[in-house]
Amino acid sequence: MSTPLPPLVEPAAELTREEVARYSRHLIIPDFGLDGQKRLKNARVLVIGAGGLGSPTLLYLAAAGVGTIGIVEFDVVDESNLQRQIIHGVSDIGRAKAESARDSIRAVNPLVDVRLHQFRLEADNAVQLFAQYDLILDGTDNFATRYLVNDAAVLAHKPYVWGSIYRFEGQISVFWEDAPDAPDGEKRGLNYRDLYPEPPPPGMVPSCAEGGVLGILCSSVASVMGTEAIKLITGTGESLLGRLMVYDALDMTYRTIKIRKDPSTPKITELIDYEEFCGVVSDAATEAAADATITPTELKELLDSGKPLALIDVREQVEWDINRIEGAELIPKGAFESGEALAKLPVDRTPVFYCKTGVRSAEVLAIAKKAGFSDALHVQGGIVAWGRQLEPDMVMY
């Protein structure tokens, strides 16, 4: 075991009588005690997102007595959030997530100072915002924000706890470029780019909205994130700095993988355009879709006109079982990537592809055009846009 990191936060001057009563189960833990609780009281922690990972993390940090909690969140509560975002309730649907989270935190612990930052985290505000806090927790679900958080934390000289979830698996680690060296001289400073130097190719890793996530998995991963935050603040135990923890809910296993500083990782000196760096869709898909994209209304007009179309749903079977556009045929995106589906496409009808939101169908469109289907089209906004514009009663996920 390596030497623990020094406490991140100085202790507050004192605890009130109310605080001693509230946090008594912390105070009687050896090696934590009064000093540890005073450090939590003095801590300023910024949580990026009040979603699947942010929800349980926020509640437990508040309950633990973190004195100041900031929340970066600009979204509103949707019914589909309630399966995993436990800080929100049915009565919060349509409310700002940040405000809903603040009210839930206050119900748990009114002693916490909750600060809301209701805007999208961007390159022009991240470093300045991070400078106001001791520690950052990132549970966002897209690569552009993850790289932005990493680079801004490096420039702001702040440690951060990172978590990620997908279907039945979660990953957690701690990154801190400016971490103090170990007593034996070992360099402990790491950032997210040492683990993932570059984002995966566009469309390779679906978001939770596209691929799904087991709701209770969020709590398992968030509890580790919250634990790491408390350990960093108080200087308790050995953190996950330099290690990646992988949790598999199906096998019920936790394993840790050693991470070492990658000498080839470029030094971070400025923030960049992270949407461009990560890319929502590939260059090939963007080029293919430039003159081959139709709206749901235009698709309906084509269908009503009797034009010979082959309407292809490129989602997965489980999504098809929830909803579909009448007259469509299911051929998942993976079958196009393997080449198997190309032989199934009719040559006497115009192929029209759709998915949930238009990302996967654009990638399939590029594959089809490269294979010679020059008249192929894809539906902008996917079945979500179709339902919103043409079938408002359609069951949506």
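Residues are numbered from 1 along each chain as its sequence is written. Because the model is predicted, local features need pLDDT of at least 70 and side-chain atom pairs count only at pLDDT 80 or more, while totals for chains, interfaces and linings use all residues; side-chain values use heavy atoms, with hydrogens and water left out.

Start with the chain as a whole. Its secondary structure comes to 17 helices and 13 strands. These are DSSP runs numbered from the N terminus, with helices as H or I of at least four residues and strands as E of at least two. The C-alpha trace spans about 75 × 50 × 40 Å along its principal axes. The radius of gyration is 24 Å, which agrees with the value near 21 Å that a compact globule of 397 residues would have. That radius is taken over C-alpha atoms, and the globule rule is 2.2 Å times the number of residues to the power 0.38. Of the 397 residues, 51% count as buried. Buried means under 20% relative accessible area, exposed over 50%, and partly exposed in between, with a 1.4 Å probe and protein chains only. Contact means heavy atoms within 4.5 Å. Among contacts between residues at least 6 apart in sequence, 69% join residues at least 24 apart.

Now the charged pairs. Side chains of opposite charge can pair when their charged atoms come close. The structure holds 20 salt bridges, each a side-chain nitrogen of Lys or Arg within 4 Å of a carboxyl oxygen of Asp or Glu.

One of them is local. Arg39 bridges to Asp35, with the closest N and O atoms 2.9 Å apart. Both residues lie in helix 3 (residues 33-42), 4 residues apart, about one turn of the helix. Arg39 is buried at 12% relative accessible area, whereas Asp35 is partly exposed at 36%.

Other bridges span the sequence. Asp134 and Arg44 meet at 2.8 Å, N to O. Asp134 sits in the loop between helix 6 (126-130) and strand 4 (135-138), and Arg44 in strand 1 (residues 44-48), so the pair ties together parts that are 90 residues apart in sequence. Asp134 is buried at 14%; Arg44 is partly exposed at 30%.

Arg360 pairs with Glu319, the closest N and O atoms being 2.9 Å apart. Arg360 belongs to helix 16 (residues 359-370) and Glu319 to helix 14 (residues 317-320), so this bridge ties together parts that are 41 residues apart in sequence. Arg360 is buried at 11%, and Glu319 is buried at 4%. Elsewhere, salt bridges that share partners join Asp92, Arg95, Arg102 and Asp103 into one network.

Turn to Thr350, in strand 12 (residues 350-354). Thr350 counts as buried at 8% relative accessibility. Leaving aside neighbours within four places in sequence, Thr350 is in contact with Lys307, Pro308, Leu309, Ala310, Asp375 and Leu377.

A search of the whole structure finds 1 cavity of 30 Å³ or more. A cavity is a set of points, on a 1 Å grid over the protein atoms alone, where a 1.4 Å probe fits but cannot get out; lining residues have an atom within 4 Å of a point. The largest cavity has a volume of about 40 Å³, a volume being the space filled by probe spheres set on the points, which are joined across faces, edges and corners. Its lining includes Pro4, Leu5 and Pro6, along with Lys231, Leu232, Gly235, Thr236, Gly237, Glu238 and Ser239. The lining divides into 4 nonpolar, 4 polar and 2 charged residues. Here Ala, Val, Leu, Ile, Met, Phe, Trp, Tyr, Cys and Pro count as nonpolar, Asp, Glu, Lys and Arg as charged, and the others, Gly among them, as polar.

Note on methods
On a 1 Å grid over the protein atoms alone, a cavity is a set of points where a 1.4 Å probe fits but cannot get out, and a pocket is an open set with protein on both sides within 12 Å along at least five of seven lines; lining residues have an atom within 4 Å of a point.
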